[in-house]
Amino acid sequence: MAYVINDDCISCGACEAECPVEAISEGDGKYVINPELCTECGTCADVCPTGAPQANN
Ligand code: SF4
Ligand code: SF4
């Protein structure tokens, strides 16, 4: 499983810079996480100002 960014994303880019495996990129209207790269470390959720990255259990 991987983290998923929900519609609360405001495309600030903070998470992309902090992801240790570079799984995050800018998508259409919000940032997106590549599930094949995400290690569920939770860093993106920690740095996000809106709580958009969610654990996808
Ligand atoms: Fe990157 Fe960690 Fe967020 Fe997965 S949980 S997208 S590895 S920062
Ligand atoms: Fe979107 Fe949060 Fe990432 Fe900023 S830190 S780009 S609001 S998911």
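With 57 residues, a compact globule would have a radius of gyration near 10 Å, and the protein agrees at 10 Å. That radius is taken over C-alpha atoms, and the globule rule is 2.2 Å times the number of residues to the power 0.38. This is a predicted model, in which local features need pLDDT of at least 70 and side-chain atom pairs count only at pLDDT 80 or more, while totals for chains, interfaces and linings use all residues. Residues are numbered from 1 along each chain as its sequence is written, chains are lettered from A and ligands numbered from 1 in the order in which they are written, and side-chain values use heavy atoms, with hydrogens and water left out.

## Overall fold

- The protein has 2 helices and 4 strands. Both kinds of element are DSSP runs numbered from the N terminus: helices are H or I with at least four residues, strands are E with at least two.
- Along the sequence the order is β-α-β-β-α-β.
- The C-alpha trace spans about 25 × 20 × 20 Å along its principal axes.
- Of the 57 residues, 30% are buried. Buried means under 20% relative accessible area, exposed means over 50%, and partly exposed lies in between (1.4 Å probe, protein chains only).
- Among contacts with a separation of 6 or more, 57% join residues 24 or more positions apart. A contact means heavy atoms within 4.5 Å.

## Ligand surroundings

- Ligand 1 is surrounded by 13 residues, and the closest are Cys19, Cys38, Cys41, Gly42 and Cys44. A residue counts as near if one of its heavy atoms lies within 4 Å.
- The shell around ligand 1 holds 9 nonpolar, 3 polar and 1 charged residues. Ala, Val, Leu, Ile, Met, Phe, Trp, Tyr, Cys and Pro count as nonpolar, Asp, Glu, Lys and Arg as charged, and the others, Gly among them, as polar.
- Ligand 2 has 14 residues around it, with Cys9, Cys12, Gly13, Cys15 and Cys48 nearest.
- The shell around ligand 2 divides into 11 nonpolar, 3 polar and no charged residues.

## Nonpolar core

- The largest nonpolar core has 14 residues, of which Ile5, Cys15, Ile24, Tyr31, Ile33 and Cys44 touch the most other members. Strands β1 and β3 are the elements that give two or more residues to this core. Such a core is a set of buried Ala, Val, Leu, Ile, Met, Phe, Trp, Tyr and Cys residues joined through side-chain atoms within 4.5 Å.
- Ile5 lies in strand β1. Its relative accessible area is 5%, so Ile5 is buried.
- Beyond its neighbours within four places in sequence, Ile5 is in contact with Cys15, Ile24, Lys30, Tyr31, Val32, Ile33, Ala52 and Pro53.
- Ile33, with neighbours within four places again left aside, contacts Tyr3, Val4, Ile5, Ala23, Ile24, Cys38 and Cys44.

## Salt bridge

- The whole structure has 1 salt bridge. The criterion is a side-chain nitrogen of Lys or Arg within 4 Å of a carboxyl oxygen of Asp or Glu.
- The partners are Lys30 and Asp7, whose closest N and O atoms are 3.3 Å apart. The pair links distant parts of the chain, 23 residues apart: Lys30 is in the loop between β2 (24-26) and β3 (31-33), and Asp7 is in the loop between β1 (3-5) and α1 (14-18).
- Lys30 is partly exposed at 24% relative accessible area, whereas Asp7 is exposed at 69%.

## Positive phi

- Most residues other than glycine have a negative phi.
- Ser11 has a positive phi of about 55° although it is not a glycine. Ser11 sits in the loop between β1 and α1 and is partly exposed, with a relative accessible area of 29%.
- Glu22 also has a positive phi, near 55°. Glu22 belongs to the loop between α1 and β2 and is exposed at 66%.

## Spacing across the chain

- Asp28, in the loop between β2 and β3, is exposed at 82% relative accessibility. Asp28 and Ser11 are 17 residues apart in sequence and 9.6 Å apart, C-alpha to C-alpha.
- Ala17, in helix α1, is exposed at 65%. Ala17 and Val47 are 30 residues apart along the chain, with their C-alpha atoms 9.9 Å apart.
- Ile5 and Pro35 are 30 residues apart along the chain, and 11 Å separates their C-alpha atoms.
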